[in-house]
Amino acid sequence: MLVPEEAASVRTASLNQSSEEVAEPASVKVSSPVCYASEASDAYMGYLDRDSLVTELNILLEAERAGARVAVRLVSDADRPELKALAQAIQRDEVRWCKMLIGALQTLEATPSKAVGGFYDQAMAIPDVVARFAFVNRGQAWVVRKLKTLLPKVRADRLHADLLGMLAAHDHNITRAETALLGLAQAGPRPGAQASSPES
Ligand SMILES: [Fe+2]
């Protein structure tokens with residue numbers, strides 16, 4: 001037990017120590033190194049570098065532009081209201097993603113491609129509208145696979161979120177088209193429709 005004089009001495013020493021610590025804080029050693037992940041290069045962290053990202057975004061842009069143009073033709077060629085409405089929805093989405101991709105490329109100070117993907121010619125070589133719709137759906141599925149491969153390699157939060165939205169919209173349209181095409185197959189030919197449809 002401390003006598004009063006000793007206790008006062010301890011408190012004084014403690015106060016002196018506290019004031020010294022405040023004035024000159026001792027250096028602190030940490031057990032693990034500071035994480036510099038946010039400063040590491042894209043390639044080091046497994047992300048695409050700028051040029052590779054530009055290439056991938058332009059491939060998607062050309063594919064979406066092709067999809068938009070095919071969808072325009074489907075809107076005019078389809079005589080079934082459900083297919084026409086679906087083609088309009090797909091066309092709106094394709095235009096939306098074209099704009100998003102162009103914006104992303106401009107953010108990267110890259111020149112957006114003006115080319116139309118070969119998908120357009122391949123799709124328009126299919127005369128039957130329903131068969132062309134099925135082909136478009138396979139094209140949409142290709143975009144989904146492409147995005148799933150690309151997304152883990154995209155570092156920028158905004159672009160990542162936009163591509164994620166693009167993926168969800170494509171998934172939604174694929175399901176919608178599958179349902180519509182299945183409904184048509186189950187319904188059979190429209191009453192009064194000729195065997196050789198003017199759609200083709
Ligand atoms: Fe698309």
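Student: Which residues in α6 meet E82, L83, L86, A89, I90, D93, W97, M100 and A104 in α3?
Tutor: This is a predicted model, in which local features need pLDDT of at least 70 and side-chain atom pairs count only at pLDDT 80 or more, while totals for chains, interfaces and linings use all residues. Residues are numbered from 1 along each chain as its sequence is written. Helices are DSSP runs of H or I with at least four residues (strands, E, need at least two), numbered from the N terminus, and two residues are in contact if their C-beta atoms, placed from the backbone, lie within 7 Å. The α3 residues you list meet, in α6, L159, D162, M166, A169, N173, R176, A177 and A180.

Student: How do the residues of the contact of α3 with α6 divide?
Tutor: Ala, Val, Leu, Ile, Met, Phe, Trp, Tyr, Cys and Pro count as nonpolar, Asp, Glu, Lys and Arg as charged, and the others, Gly among them, as polar. By that scheme the division is 12 nonpolar, 1 polar and 4 charged.

Student: Is α3 roughly parallel or antiparallel to α6?
Tutor: Axes are lines fitted to C-alpha atoms, for helices over the stretch in contact, with angles from 0 to 180 degrees between N-to-C directions; angles under 35 degrees count as roughly parallel, over 145 as roughly antiparallel, 65 to 115 as roughly perpendicular and the rest as oblique. The axes of α3 and α6 come within 11 Å and cross at roughly 165 degrees. The relation of α3 to α6 is therefore roughly antiparallel.

Student: Is the crossing of α3 and α6 left-handed or right-handed?
Tutor: A crossing is left-handed if the near helix is turned anticlockwise from the far one by less than a right angle, and right-handed if clockwise. The crossing of α3 and α6 is left-handed.

Student: At roughly what angle do the axes of α2 and α5 cross?
Tutor: Along this contact, E56, L60, A63, G67, V70, L74 and D77 in α2 meet α5 residues including F133, V136 and V143. The contact of α2 with α5 comprises 9 nonpolar, 2 polar and 4 charged residues, and α2 passes α5 in a left-handed crossing. The two axes come within 11 Å, at a crossing angle of roughly 160 degrees.

Student: Which residues does L101 touch, not counting residues up to four places away in sequence?
Tutor: L101 is among the core residues with the most contacts inside it. With that sequence exclusion, the residues that L101 touches are L57, L60, L61 and E64.

Student: Is E109 buried or exposed?
Tutor: E109 has its place in the loop between α3 and α4, and it has a positive phi of about 60 degrees although it is not a glycine. A residue is buried if 20 or more other C-beta atoms, placed from the backbone, lie within 10 Å of its own, exposed if 12 or fewer, and partly exposed in between. E109 has 8 other C-beta atoms within 10 Å and is therefore exposed.

Definitions and conventions
Core = buried A, V, L, I, M, F, W, Y, C linked by C-beta atoms within 7 Å.
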